[in-house]
Amino acid sequence: MKEEMSALEKNKAWEIVERPKGKNIGDCKWIFTLKYKVDGSLEVYKARLVAKGYTQTYGVDYQETFALVAKMNNVRILLSLAAHYNWQLL
C-alpha cells in the first residue's frame, strides 16, 4: 500500500480540494492480489487503490473520465515504429 500511495503522490494523480457544497464525494477501495511465479511460488503482494466509479452519475459527479493506461507491448511497438521511420520522439 505504501508503494502504491507513493506512486500516486509522485505522479500527482490527485490534489486535495475543498468539497463543493451539494456534491457527492467519490469513494475508493483497496484491491489486494497475489502474483505468482511460473513455478507457483509467491512473487509479490500487490495493492491497488481504485475508485468506486459505479457510485457516480454523469453530469452530476463528473463530466468526463480519463484513465491513462500504457501497456509495455504498445510502448515497444511505438518505439520500433519510431526507429524504423526515423520519427523524432519528444
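In the predicted model, N86 is placed in the segment after α2, where helices (H or I, at least four residues) and strands (E, at least two) are DSSP runs numbered from the N terminus. N86 has a positive phi of about 55° although it is not a glycine, and with a relative accessible area of 69% this residue counts as exposed, on a scale in which buried means under 20% relative accessible area, exposed over 50%, and partly exposed in between (1.4 Å probe, protein chains only). Helix α2, which N86 follows, covers residues 72-84 and has 13 residues; from its first C-alpha to its last it reaches 18 Å, close to the 18 Å expected at 1.5 Å a residue, the expected span being 1.5 Å times one less than the number of residues in the helix.

Because this is a predicted model, local features need pLDDT of at least 70 and side-chain atom pairs count only at pLDDT 80 or more, whereas totals for chains, interfaces and linings use all residues. Residues are numbered from 1 along each chain as its sequence is written, and side-chain values use heavy atoms, with hydrogens and water left out.

A positive phi is also found at K12, a residue other than glycine, with a value near 50°. Most residues other than glycine have a negative phi. K12 is placed in the loop between α1 and β1 (28-36) and is exposed, its relative accessible area being 70%. The loop between α1 and β1 also holds G22, which is exposed at a relative accessible area of 79%. The C-alpha atoms of G22 and Y36 are separated by 45 Å, although these residues are 14 residues apart along the chain.

As to the chain overall, two helices and two strands are present, and they follow the pattern α-β-β-α when read along the sequence. The radius of gyration of the chain is 19 Å, whereas a compact globule of 90 residues would have a value near 12 Å; this radius is taken over C-alpha atoms, and the globule rule is 2.2 Å times the number of residues to the power 0.38. Taken along the principal axes, the C-alpha atoms fill a box of roughly 55 × 40 × 25 Å. Of the 90 residues, 4% count as buried, and the chain exposes about 8,900 Å², of which carbon and sulfur atoms supply 56%, as given by the Shrake-Rupley method with a 1.4 Å probe.

One of the buried residues is E4, which lies in helix α1 (residues 2-10) and counts as buried because its relative accessibility is 13%. When residues up to four places away in sequence are not counted, E4 touches W30, A47, R48 and L49, contact meaning heavy atoms within 4.5 Å. R48, in turn, is placed in strand β2 (residues 42-51) and counts as partly exposed at 39% relative accessibility. Under the exclusion of residues up to four places away in sequence, R48 touches E4, K29, W30 and I31. R48 and I31 are 17 residues apart in sequence, while their C-alpha atoms are 5.2 Å apart in space. Among contacts in the chain between residues at least 6 apart in sequence, 29% join residues at least 24 apart.
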